[in-house]
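Subject: A structure for you to look at

Hi,

Here is the structure I promised to pass on. Have a look at it first, then read my notes below.

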Amino acid sequence: MTANPVLWSLDERGVATVTLNRPEVNNAYDGALIAGVLAAMDELGKKPNLRVVVLRGNGRHFQAGADLKWINGVRPQSPEANEAASRATFEAVQRLNTLPIPTVALVQGGCFGGGTGVIAACDVVIAADNALFSITEVRWGLTAAIIIPQLCDAISVRQVRRYALTGERFGAEDARRIGLVHDVVPLADLDAAGAKLVEQLLSNGPEAMAETKRLALESSFGGMAVDDAAYARLIQLHSLKRQSAEAAEGLASFAEKRAAKWGGGKD
């Protein structure tokens, strides 16, 4: 296993690169990766010359959603521990969402579950032509509660009602069509496309961009317009669903590599 689940660096221009670094599990997130993202945001927030954050995933895939082995480890813990796990995940996504500088995601390979929420929280998303997406939570009896607002902002309520209910996979061109990504480039050109975009951002006034982003979020459905009480409810729903009987069956089906046996009754 990799020693540092999140790597970050800052160059002389003020461009930070934050890299999800669990390639052995396709950068699936667990408690350590979430803590690493939050720590990176804390450290970068102290840098007075910070201008742009570029987010990427190490290896073949950008981010494979939650590490279901970690989820299974959290499930039997107390409701308070489950809520804390959901809150930390929410905070990592929302910190990216409200960071007062431009954020750019470069996506290759798989981007599933929470990964779709992460990129929905970024300002600009460039995908390689091999990128594959899915809002997967319902497949395992879970909900995407804490990323629904960001997804609704990015792709509209109508598209969330399709893709978050079906859990189906879709490619980079469909992701561009619905607004989840802005541009699609050949995999070999992903770095160059990111570098070109960063240069464009660096040519703009940093205070003007910060104010523009703040105003855009204030006008949005899923940004600052969702108040703390509403987010607290989403966090609670997210954690409660993880401890449900339906989630237990969904996660067991994943571990046992079989179809889930969904019941018709309530948990």
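In this predicted model, Ala 127 sits opposite Val 184 of strand β9. That is one spot in a parallel pairing of β6 with β9, which runs over three bridges. Two strands count as paired if DSSP finds at least two bridges between them.

A word on the ground rules: residues are numbered from 1 along each chain as its sequence is written. As the model is predicted, local features need pLDDT of at least 70 and side-chain atom pairs count only at pLDDT 80 or more, while totals for chains, interfaces and linings use all residues; side-chain values use heavy atoms, with hydrogens and water left out.

**The six-stranded sheet**

β6 and β9 belong to an open sheet of six strands, ordered β1-β2-β3-β4-β6-β9, with mixed pairing. At its edges are β1 (6-10) and β9 (183-185), each pairing on one side only. On average, neighbouring strands in this sheet are turned by 20° against each other, ignoring direction. For angles, axes are lines fitted to C-alpha atoms (for helices, over the stretch in contact), and values run from 0 to 180 degrees between N-to-C directions. In general, the strands of a sheet pair through backbone hydrogen bonds, either parallel or antiparallel.

Val 104 has Val 124 as its bridge partner in β6, and Ala 105 stands opposite Val 125.

Is β6 mostly covered or exposed? Mostly covered: five of its five residues are buried. Buried means under 20% relative accessible area, exposed means over 50%, and partly exposed is in between (1.4 Å probe, protein chains only). Val 124, Ile 126 and Ala 128 point one way from β6, while Val 125 and Ala 127 point the other way.

Five of the six residues of β3 are buried, so β3 is largely enclosed by the rest of the structure. Over in β2 you'll find Thr 19, which counts as buried because its relative accessibility is 14%. Leaving out residues up to four places away in sequence, Thr 19 touches Pro 5, Val 6, Leu 7, Arg 56, Gly 57 and Asn 58; touching, or contact, means heavy atoms within 4.5 Å.

**Helices**

Helix α7 (residues 190-202) lies across β2, β3, β4, β6 and β9, at about 165° to β6. Elsewhere, the axes of α1 and helix α3 (residues 79-98) come within 9 Å and cross at roughly 40°. Ile 34, Val 37, Leu 38, Met 41 and Asp 42 make the contact from α1, and residues including Ala 88, Glu 91 and Leu 96 make it from α3.

**The cores**

Which residues have the most contacts inside the largest nonpolar core? They are Val 53, Leu 55, Val 107, Ile 119, Phe 133, Leu 180 and Val 181, in a core of 64 residues. A nonpolar core is a set of buried Ala, Val, Leu, Ile, Met, Phe, Trp, Tyr and Cys residues joined through side-chain atoms within 4.5 Å. Helix α1 (residues 31-45) gives the largest share of this core, seven residues. Another core lies apart from it, with 16 residues, among them Val 15, Val 104, Leu 190 and Leu 197.

β7 (residues 132-134) and β8 run antiparallel, joined by two bridges, and Leu 132 has Gly 171 as its bridge partner.

Finally, find Glu 246 in helix α10 (residues 245-255). Glu 246 is partly exposed, with a relative accessible area of 31%.

Happy exploring!

Notes: Helix = DSSP H or I, 4+ residues; strand = E, 2+ residues; numbered from the N terminus.
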